[in-house]
Amino acid sequence: MKLRKLEIALQGLSGFSEPQASLEQYQTPAPLAARLLYHAFMKGDIKGKSVCDLGSGTGVLAIGASLLGAGMVTGVELDDKAVKVAQENAGLLDADVRFIVADVKDHTLPDRLGQYDTVIMNPPFGAQKSHADRPFIDLALSIAPVTYGIFNAGSRQFIKTYTQSRAGINEVVGGSFPIRRTFSFHTRDVQEIEVEILRLIRTIP
Ligand code: SAH
């Protein structure tokens with residue numbers, strides 16, 4: 001599937017029915033999701049691979065991975081309402097994804113999930129709860145040797161320090177995330193947030 005076709009497919013998916021600010025529920029816009037997925041695909045990290053989407057929300061990344069030929073895809077999401085939308089979205093595009101309702105902070109999750117080839121994620125940026133992205137990074141590094149994550153531009157140094165003895169940042173791809181007015185504290189119709197897609201390679205066995 002070509003990049004543009006993937007983008008168009010993801011564009012048609014439903015968003016959060018009742019977005020929650022405390023969980024930083026922002027659906028990744030299709031062009032950004034497609035960029036992450038296509039990049040990972042070109043690196044050989046999607047086709048035929050087992051892929052886990054942490055904080056899968058309405059399923060955009062997980063579904064896109066399935067459309068690009070991932071062997072097995074799991075989405076992990078705390079909010080069961082979002083999982084319901086994600087399941088409907090997957091059905092719409094005939095994507096084969098298993099969604100699990102779970103908290104990434106649950107210490108039994110690594111055992112329950114087992115090992116994957118690749119993690120993809122757009123974790124909370126920590127705007128509502130500081131360091132909300134840390135449990136996502138921790139879980140990602142414990143279940144897969146390769147992780148693609150979307151982070152606020154400029155987070156690179158923090159991520160580098162935080163993952164120091166466990167992983168290395170192998171690539172950085174820039175992008176922007178247009179956030180539409182969703183919550184009462186949003187003052188503009190659309191706010192462009194500069195982001196970076198990081199490819200983390202685990203350095204511990
Ligand atoms: N991956 C989706 C959603 C990104 S928004 C997309 O790309 O469109 C971040 C998601 O993380 C939200 O769906 C939110 O509900 C989920 N989330 C936040 N904290 C979580 C936690 N502790 N455990 C699991 N999911 C969580």
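Q: How do the residues of the lining of the largest pocket divide into nonpolar, polar and charged?
A: A lining can be read by sorting its residues into classes, and in this predicted model the lining of the largest pocket holds 20 nonpolar, 16 polar and seven charged residues.

Q: What volume does the largest pocket have, and which residues are the closest to its centre?
A: The volume of the largest pocket is about 830 Å³. Its lining has 43 residues, and L23, E24, Q25, P123 and P124 are the closest to the centre. Two or more lining residues come from each of strand 1 (50-54), helix 3 (60-67), helix 6 (134-143), strand 6 (167-180) and strand 7 (190-202).

Q: What can be read in the same way from the second largest pocket?
A: The second largest pocket has a volume of about 390 Å³, and among its 19 lining residues Q27, T28, P29, P178 and R180 lie nearest the centre. Helix 1 (3-11), helix 2 (30-42) and strand 6 each give two or more residues to this lining, with the largest share, four residues, coming from strand 6. By class, the lining of the second largest pocket divides into 12 nonpolar, six polar and one charged.

Q: Is T58 buried or exposed?
A: Burial is read from the relative accessible area, and a residue counts as buried when this value is under 20%. T58, which lies in the loop between strand 1 and helix 3, has a relative accessible area of 2% and is therefore buried.

Q: Which side chain makes a polar contact with the side chain of T58?
A: The partner is the side chain of Q27, at 2.8 Å. Leaving aside residues up to four places away in sequence, T58 also touches others, including S14, G15, F16, I63 and N89.

Notes
Residues are numbered from 1 along each chain as its sequence is written. This is a predicted model: local features need pLDDT of at least 70, side-chain atom pairs count only at pLDDT 80 or more; totals for chains, interfaces and linings use all residues. Side-chain values use heavy atoms; hydrogens and water are left out. On a 1 Å grid over the protein atoms alone, a cavity is a set of points where a 1.4 Å probe fits but cannot get out, and a pocket is an open set with protein on both sides within 12 Å along at least five of seven lines; lining residues have an atom within 4 Å of a point. Grid points are joined across faces, edges and corners, and a volume is the space filled by probe spheres set on the points. Ala, Val, Leu, Ile, Met, Phe, Trp, Tyr, Cys and Pro count as nonpolar, Asp, Glu, Lys and Arg as charged, and the others, Gly among them, as polar. Buried means under 20% relative accessible area, exposed over 50%, partly exposed in between (1.4 Å probe, protein chains only). A polar contact is a pair of N or O atoms within 3.5 Å; within protein, one must be able to donate a hydrogen and the other to accept it, and residues adjacent in sequence count only if both atoms are side-chain atoms. Contact means heavy atoms within 4.5 Å.
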